[in-house]
Amino acid sequence: MHELSIATSLVDLACEDAKCVQGRVIALQIRVGRLSGVSKDALLSCYEVATRDTPLEGSRLIIEDVPVVVYCPQCRKECAIGSRFCCSVCNAPAPEILCGKELELVALEIES
Amino acid sequence: MMQEPRLVEVRKNILKQNDMIARELRDEFRRSKVFVVSLVSSPGSGKTSLLEKILTLLRPKCRVAALVGDLATENDAQRLARSGAPVKQITTGTLCHLEAGMVRNALQSWDITELDFLFIENVGNLVCPSSYDLGENLRLVLSSVTEGEDKPLKYPTIFNSADVAVLTKMDLADAVDFDESTALANIHAVRPGMQVLRVSAKTGVGMKEFIDFLGLRRQALEK
């Protein structure tokens, strides 16, 4: 369970950016890749703990789940995969990961 | 009418702070000409035994040192210190992984320009260490034959964060009916083309190849 560490890093990062904007932060939008090693549910509960007594207290965490996309060297195309790293069309091994490792703060939602 | 919230775009890596420290460490390692290898695995898969063997085998020719992470105790550092190499324990308290800042702090009192190899043994855990770059040049993921063949399928993220896989405790393979071809197929299902090494720290099988491999990787980085 390292989601509390991740949530703390996220809150630190967002608080830093929140200083530069006028208005209250009501939500954070983040992207979490399926290969990031982070569990969405655990992160949501840790977020509540990590925001306590910070300017982000009471804000929502909006998580966009990013699937794993690889490059198939046979088809020369991108393809989203499940648990095995092979092309969903031709079944060729596809080691090149194009996305799915993201752990990114995308935007702050500010109350207008 | 409620107004739509205003969006302020940020687009930053959540672990930016860790990644920045890791990048600084990597630059420092390069300047100091020290090759840094980290080991990740589940608890009990033989990280410390393998590392003790590596340190002992490298010591006559190379200057080596190790950092070892655990939630508590100095046991692993004491074991590794038997090799004669400088060793420092990082006790993480409740934290289930090492972060780049802990590595930086642990290295503060060492002159790493005096080293050829630095090893970092992560906390035994197949989940959490995968998210944290430690600035290492090479990350090894260990899987012991006693853990069975399907660890890669259960923990694809850690296998994708590592560079090379190492099958450990090969001396026990027959005793536990370890199916090596299934294990390799599973590793390659989640990480096609991944290099896999086989060792037994106990009998020494595969250790020469392993040490040669480390030497080659180090040379390749220097070029």
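**Notebook: chain B sheet and the A–B contact**

I started with chain B, where an open sheet of seven strands runs in the order 4-3-5-2-6-7-8 with parallel pairing. Strands here are DSSP E runs of at least two residues, helices are H or I runs of at least four, and both are numbered from the N terminus. Two strands count as paired if DSSP finds at least two bridges between them. Strand 4 (87-91) and strand 8 (195-198) of chain B are at the edges with a single partner strand each, so one side of each has no neighbour in the sheet.

A note on what I'm looking at: this is a predicted model, with local features needing pLDDT of at least 70 and side-chain atom pairs counting only at pLDDT 80 or more, while totals for chains, interfaces and linings use all residues. Residues are numbered from 1 along each chain as its sequence is written, chains are lettered from A in the order in which they are written, and side-chain values use heavy atoms, leaving out hydrogens and water.

Next I zoomed in on one pair of that sheet. Strand 6 (residues 138-144) and strand 7 (residues 164-168) of chain B run parallel and are joined by five bridges. B:S144 has B:T168 in strand 7 as its bridge partner.

Then I looked for salt bridges (a side-chain nitrogen of Lys or Arg within 4 Å of a carboxyl oxygen of Asp or Glu). The whole structure has 20 of them over all chains. In one, B:D133 meets B:R26, with the closest N and O atoms 2.7 Å apart. B:D133 sits in the loop between strand 5 (117-121) and strand 6 of chain B and B:R26 in helix 1 (residues 16-32), so this pair ties together parts 107 residues apart in sequence.

On to the interface: how many residues does each chain bring to the contact? Chain A brings 36 residues and chain B 30, contact being heavy atoms within 4.5 Å. About 2700 Å² is buried between the two chains, 59% of it from carbon and sulfur atoms; that is accessible area (1.4 Å probe) lost on putting the two parts together, summed over both.

I found two salt bridges across this interface. One of the entries I wrote down is A:D17 with B:K12, closest N and O atoms 3.1 Å apart. On the chain A side, helix 1 (3-18), strand 1 (25-33) and strand 6 (103-110) each give two or more residues. Strand 6 of chain A gives the most, with eight residues.

Last, I checked strand pairing between the chains. Strand 6 of chain A pairs antiparallel with strand 1 (residues 6-13) of chain B over six bridges. There A:E109 has B:L7 as its bridge partner.
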